[in-house]
Amino acid sequence: MSDGKARSTDTGFDAFSFLARFAPLIFLLLLMLVFAIMEPRFLSSINLFNVMRQVSITGLLAIGMTFVILTAGIDLSIGSLLAFAGLVAAAVAKGGMQDRFTVGDETIGYGWQLAALAAIAVGLLGGLLQGVAITRLKVPAFVVTLGGMSVFRGAALLFAAGGPISGFQPDYTWWGQGRIFSVPVPVIIFLVLAVIAHVVLRYTRYGRQVYAVGGNPEAARLAGVNVNSVIASVYIIMGFFAGLGAFVLSARLNSAEAVAGTGYELTVIASVVIGGTSLFGGSGSIFGTVIGTLLIGVLLNGLVLMNVNSYVQQIIIGVIIVLAVAFDTFAKSRRKRA
Amino acid sequence: MVETGQTPPLLRMRGISKSFPGVRALDSVDFEVSAAEIHAFLGENGAGKSTLLKILSGAQPPDEGSIEFDGRSVRFVSPQEAQAAGIVTIYQEFTLAPDMTVAENVFIGREPGGRVFISYRDLEEQTAALCRRIGLERSPRALVRDLSVAEQQMVEIARALSMKSRLIVMDEPTSALSRAEVENLFAIIRNLKRDGIATIFVTHRLEEVFEICDSYTVLRDGRHVGRGKVAETDMDGIIRLMVGRDVGLLAAREESFNTGEPALEARNVSRRRKSTDSSAIELHDVSFRVNRGEILGLAGLVGAGRTETARALFGADIFDSGVIAVGGREIRVRSPRDAIASGIGLVPEDRKQQALFLALAIRTNLSIAAQDRISSMGVFISAAKEDALVEEYRRRLNIRMASPDQIVGNLSGGNQQKVVLARWLALRPQVLIVDEPTRGIDVGAKFEVHNLLVEMARSGIAIIVISSELPEVMALSDRIITMREGRITGEIMGRDATQEKLMRLMTLGQPQAA
């Protein structure tokens, strides 16, 4: 009970906690330095924008995942939901399923606006269903979204009937392939939404409640926070990002297919965790998630430039996620003792 | 000095120092315990008790100093080593596996039998013998989950005995026990003493020191400030050592701020046991009223239904029937949000589990219930308004903190409790229910919390105080109602109350007058 040591962090500078806080950023810069030395092409602006564009989709998903993980939740269904939402968007853009392979102006579609809305609507609905299952049926998020992973993938396969839907109007593909002042559009979308999400989490009542629910759900309930609404809301937010990510991905690839986004959940959860958000809830930030996302992107890009086998890349990502959580746990126990 | 000269003490810690970044937790502390002695180890929160006990139990190494146990110089690097030497620590949070049996828990890691298989017959026979020795009337095969807190504590003691311990450290063993259970624990400790086993007894209830302990050691701010025989001192003497000043503790209140206007009324609130939760306590037709500016004490032994009443009024638990009215108007309370909207606040009994976000900043902890007061445009949090709010309550409640962004988990227990109180004050409630407001906080902070509650009553808030410490209830309350087994059993004015009268109402349980 009595803790003479408890006041340690009031006074004095703790080098370790400073390091722990900025570890992802420091690691990112080190990694970039190493790659720059080993492979000069790495630092070219073309390559750096390339990295950014590659991570922008998983980055969007990682923003949503940060909300989820802050409440000590998890969402494994995002890759499947993204595939399903992407197919729906593509079908809307093509005006149905008949013209799935036709390319060109003769296609009668509904325009990118409706397509994007459809993708986001599918994402929101998927998130809502899972959020309700978690809060009303009291099924753990892990189980609900593991189920969702299978349900949405099945729905995507059923919807696509086995084949991709490709060939959109230029104003559709601009969202994935276009540039504004040489900055890829997906990168801009990612960064704008990251800023908005940062503001929501840091400076709004809702953001506070997300941290509170993740930090101690019972205390949040007894302080008058509507815990179930907050929990359901983060899955809906996750769904929004899955839908948006689906639209941008289909625009970039000029195609939507049922196997899109396979394995994204791992990359996305890794980005969030590497960025310092605790899987136990209540601590983390969008800034960290952006850094974590870039870190994974830089790592993969550097490995590609150095001709490392893509299967090896998977192994490396897997190891890194475990190390990141181990580091988090270590830093916590250290903070507790110090 | 307790040194008698003839026999060396069982335990002698000398010049123990320990520093953590930014703080010197222990500064050359000496600590001695004789064989078969019951030794009170006292100090406010933050005095360094836990750190010293961790060093003693091998959980942490000291920076400096030496430890002698049973005449030999020792240096434990793990709890296992300390246990092997005969020092066992029983923490407040038990280290039992709830889904294993009593016997398995007692001998966990040291099961009798061969290299591979456990001999369940030996295991259960040995456990049964230990249980008889300490009076635990439970089968060795009972699941720990089904035991009461007091019984689980006895399992911990049985485990300590099974390790042939010579010194048992008990960290606040009585804080979760009812009076009868405390008596029973004390009987066990006296028996251990007869068998030559020494006990280090950490408690915040000073009266217990005089009831059971032979000698005492007091720490303050990481330094050893006094030790001696309990028989040669008194309560004031020990409090003076602990706080380093005279404290007019628990002086009965002179003025009353009871306005006579009803603030909260409960009528026939009842709650039946659900089949899913067989351990839940029932409430039977609980009816009472508390006025604006009045402090109402709710007294009862553990399990009497005090906390359950508070949680029902606050909407934390659903009750089956009955009516609650605030300011004369009936309200529907289905959740804490409903209660808060009606002006009811609750400071729950378990600060860390039920009130605080330990890893989050003070500002978040303080303002979470009163976000309306610090928001701009209904959506955003205004940093300026929030800073002003935190500063207002830091000053009013004398919260000792470095900045609003400091993590709440790093504050002392007393300051944490003030943050929780500030959270509710910021909401400007009409009724505030405080459940064990001073549990686990030091004497100085306790005094401040008491003054604060009185100040709140003065400002017109109706306050319901639940406390296991009768002197606290008596000192604070205008009026006290007693409960037993989910029923109200009596009512007494604060100025007429004595511990004996209250204890009679709490234990005999005369039915409530209609």
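How many bridges pair strand 11 of chain B with strand 14 of chain B, and in which sense do the two strands run? The legends below take up this question and others for a predicted model.

View 1. Strand 11 and strand 14 (residues 321-326) of chain B pair over 5 bridges, in the antiparallel sense. Within strand 14 of chain B, B:Ile324 is the bridge partner of B:Ala266. Strand 11 (residues 262-271) of chain B also pairs with strand 12 of chain B, again in the antiparallel sense, here over 6 bridges. In that pairing, B:Leu264 has B:Val290 of strand 12 as its bridge partner.

**View 2. An open sheet of 6 strands in chain B shows mixed pairing.** The order of the strands is 6-7-8-3-9-10. Which strands stand at the edges of this sheet? They are strand 6 (87-90) and strand 10 (223-229) of chain B; each has a single partner strand, so one side of each is left without a neighbour in the sheet. From one strand to the next, the twist averages 15°. Strand 9 (residues 215-220) of chain B runs antiparallel to strand 10 of chain B, and 6 bridges join the two. Opposite B:Tyr216 stands B:Gly228, a residue of strand 10 of chain B.

**View 3. Helix 7 and helix 8 of chain A pack at an angle of about 75°.** Two packed helices are described by the angle between their axes and the distance between the axes. Helix 7 spans residues 185-203 of chain A and helix 8 spans residues 205-215 of chain A; their axes are 5 Å apart, and the angle between them is about 75°. Helix 7 of chain A is therefore roughly perpendicular to helix 8 of chain A. From helix 7 of chain A, the residues A:Val200, A:Leu201, A:Arg202 and A:Tyr203 meet A:Tyr206, A:Gly207 and A:Val210 of helix 8. The residues of this contact comprise 5 nonpolar, 1 polar and 1 charged.

**View 4. Helix 1 of chain B is mostly covered.** This helix runs over residues 49-56 of chain B, and 7 of its 8 residues are buried. The buried residues of helix 1 are B:Lys49, B:Ser50, B:Thr51, B:Leu52, B:Leu53, B:Ile55 and B:Leu56. After helix 1 of chain B comes B:Gly58, with a positive phi near 85°.

**View 5. The largest nonpolar core has 184 residues.** In soluble globular proteins, nonpolar side chains tend to be buried together. The residues with the most contacts inside the core are A:Leu87, A:Ala89, A:Ala119 and B:Ile463. Helix 10 (residues 227-253) of chain A supplies the largest share of this core, 18 residues. Not counting residues up to four places away in sequence, A:Ala119 touches A:Ala85, A:Gly86, A:Val88, A:Ala89, A:Gly243, A:Ala246 and A:Phe247.

Note on methods
Residues are numbered from 1 along each chain as its sequence is written. Chains are lettered from A and ligands numbered from 1 in the order in which they are written. This is a predicted model: local features need pLDDT of at least 70, side-chain atom pairs count only at pLDDT 80 or more; totals for chains, interfaces and linings use all residues. Axes are lines fitted to C-alpha atoms, for helices over the stretch in contact, and angles run from 0 to 180 degrees between N-to-C directions. Helices (H or I, at least four residues) and strands (E, at least two) are DSSP runs, numbered from the N terminus. Angles under 35 degrees count as roughly parallel, over 145 as roughly antiparallel, 65 to 115 as roughly perpendicular and the rest as oblique. Two residues are in contact if their C-beta atoms, placed from the backbone, lie within 7 Å. Ala, Val, Leu, Ile, Met, Phe, Trp, Tyr, Cys and Pro count as nonpolar, Asp, Glu, Lys and Arg as charged, and the others, Gly among them, as polar. Two strands pair if DSSP finds at least two bridges between them. A residue is buried if 20 or more other C-beta atoms lie within 10 Å of its own, exposed if 12 or fewer, and partly exposed in between; C-beta atoms are placed from the backbone. A nonpolar core is a set of buried Ala, Val, Leu, Ile, Met, Phe, Trp, Tyr and Cys residues joined through C-beta atoms within 7 Å.
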